Amino acid sequence: MDQTFMGTKKVFPLVLSMALPMVLSMLVNSLYNIIDSYFVARISADAMTSLSLIFPLQNIVGAVSIGFGVGVNAAVAFYIGAGDREKARESASLGLILSILHGIVLTIVMMIVMPGFLRSFGASEAIVEGGLNYGWIVMAFSVIISVGICYEKLFQAVGLMKVSMFSMMAGCIANIILDPLMIFGLGPFPEMGIAGAAAATGIGQLITLLIYLAVYLRGRLGIPISLNPFKRKWKLAGRLYLVGGPASLNQGLPSVLITVLNGILAGLGGNGVLILGIYNKLQTFIFLTVNGIVQGIRPLAGYNYGARKFGRVRQISRAALSMALAIMVFGTLLCQLIPDRLMGLFLTDPAALSESARALKIISLGFNASAFSLTFSGMLEGLGKGLHSLCIMLLRNVIVIIPAAFILTRLLGNADGVWHSFWIAEWVSVLIAGFLYRRVLARAEKK
């Protein structure tokens, strides 16, 4: 397949054509997350709490898979832009082999740590049991998740965004259909409760992978992949991990953040842990949409950076930023104007609903700043600057927000301290993100 269009087509239509399929698939994915939580919440409040507590471990599996996939994506796109298709092929082959290994290791590790992790929050045995019922099934699909995401990033690297969109949407739609059937035992399905939600998730992920494999076998990817580890150029692994390692940490940092914030909120009592869990599900509708834009621009940034077309790189970032900012402004307005209706999708208790609506209004004050941070972080990953991107994510998810949450909860004496820490971290991080991005491009232009 000819990828020269990534370096010649007009920038805004190009960004739109690459980002729109990913935005649509992210919207469907976020809709799945919301519907999944909606049905689980109908089981019981304990089931919803179980889902909230297991989320960090579930997110780590996705974080490692997505992060490493970003490294593969950046390397393949860069080498194609630089005209070195052999290294692009080697990067793709090595990336797939390592993704399989990552999936195996993640399955083993998560199965071992899951019981102790859930009990570390002092949760009731009913909540722990629900988390384990969900977690055992979800973690069993780690290899499928890892390999599927690797193929997703490979198709994106060569500009086949519609293939990625179709595969992801097919899996998500399968999840949405199977959720109520398997949770409540409708039709021929047995009533599985929270385990049914996990099984529906795994089946959806398997469907996505099978579609990728079918399209690859038809020769659409244009990059032949070999799974023979003894013929690989293992030195390329360094480049994959140079971007993929920090990108995995980027994806995993929210899990660390949620775990720490859950600890702070649990110490305060009340509905804090439940509200944070619901918020993390609800915000995916906005943030995954922006992530779709970021996924669309990564291969464009890598291709044009490899071809030393730095002017186009700047144009790509501006186009992506305008789109991301429009989404975040819309999201902010929704959260400020109808927070009770949004949180009311998952809560019925009047006191908890009032508290959650207040939390959402406070947190959303940082949404607009995050448009800049996420766009610059994605561009830096596309340019192969994973450590720079990691610095931005550390600021957003660790360095600023966690100390702010500790301090503010002690000053205010309630969960509002946690909610305020979100927007503070976003606005501090955006200043550093802009500086790092401009510095990287300026240095590249001087070489």
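1. A residue is called buried when its relative accessible area is under 20%, exposed when that area is over 50%, and partly exposed in between, with a 1.4 Å probe and protein chains only. Phe 39 is therefore buried, since its relative accessible area is 18%, and Phe 184 is partly exposed because its value is 29%.

2. A word on the basis of this note: the model is predicted, and local features need pLDDT of at least 70, side-chain atom pairs count only at pLDDT 80 or more, while totals for chains, interfaces and linings use all residues. Residues are numbered from 1 along each chain as its sequence is written, and side-chain values use heavy atoms, with hydrogens and water left out.

3. The structure holds ten aromatic pairs, where rings of Phe, Tyr and Trp (its six-membered ring) pair if their centres lie within 6.5 Å, and planes under 30 degrees apart count as stacked, over 60 as edge-to-face and the rest as tilted. One of them joins Phe 39 and Phe 184 in an edge-to-face arrangement, at 6.0 Å centre to centre and with 75 degrees between the planes. This pair links distant parts of the chain, for Phe 39 belongs to helix 2 (residues 11-43) and Phe 184 to helix 7 (residues 161-184), 145 residues apart. Helices here (H or I, at least four residues) are DSSP runs, numbered from the N terminus.

4. Tyr 151 and Tyr 216 form a tilted aromatic pair, with 5.9 Å from centre to centre and 55 degrees between the planes. Tyr 151 lies in helix 6 (residues 142-157) and Tyr 216 in helix 8 (residues 194-217), so the pair ties together parts that are 65 residues apart in sequence. Both Tyr 151 and Tyr 216 are buried. Elsewhere, ring pairs join Phe 372, Phe 376 and Tyr 437 into a cluster.

5. The largest nonpolar core has 103 residues, and those with the most contacts inside it are Trp 419 and Phe 422; such a core is a set of buried Ala, Val, Leu, Ile, Met, Phe, Trp, Tyr and Cys residues joined through side-chain atoms within 4.5 Å. Helix 2 gives the most to this core, with eleven residues. Not counting residues up to four places away in sequence, Trp 419 touches Leu 265, Gly 272, Ile 275, Leu 276, Ala 359, Ile 362 and Ile 363, where contact means heavy atoms within 4.5 Å. A second, separate core of 33 residues includes Ala 75, Val 158, Met 168 and Ile 223.

6. The largest pocket is lined by 15 residues, of which Thr 49, Leu 53, Ala 266, Val 273 and Leu 274 lie nearest its centre; lining residues have an atom within 4 Å of a point. Helix 3 (45-81), helix 9 (236-268) and helix 10 (272-282) each supply at least two residues of this lining.

7. Pro 403 lies in helix 17 (residues 401-412) and counts as partly exposed, because its relative accessibility is 38%. Between Pro 403 and Gly 185 there are 45 Å in space, C-alpha to C-alpha, and the two are 218 residues apart in sequence.

Methods
1 Å grid on protein atoms, 1.4 Å probe; cavity = no way out; pocket = protein on both sides within 12 Å on 5 of 7 lines; lining within 4 Å.
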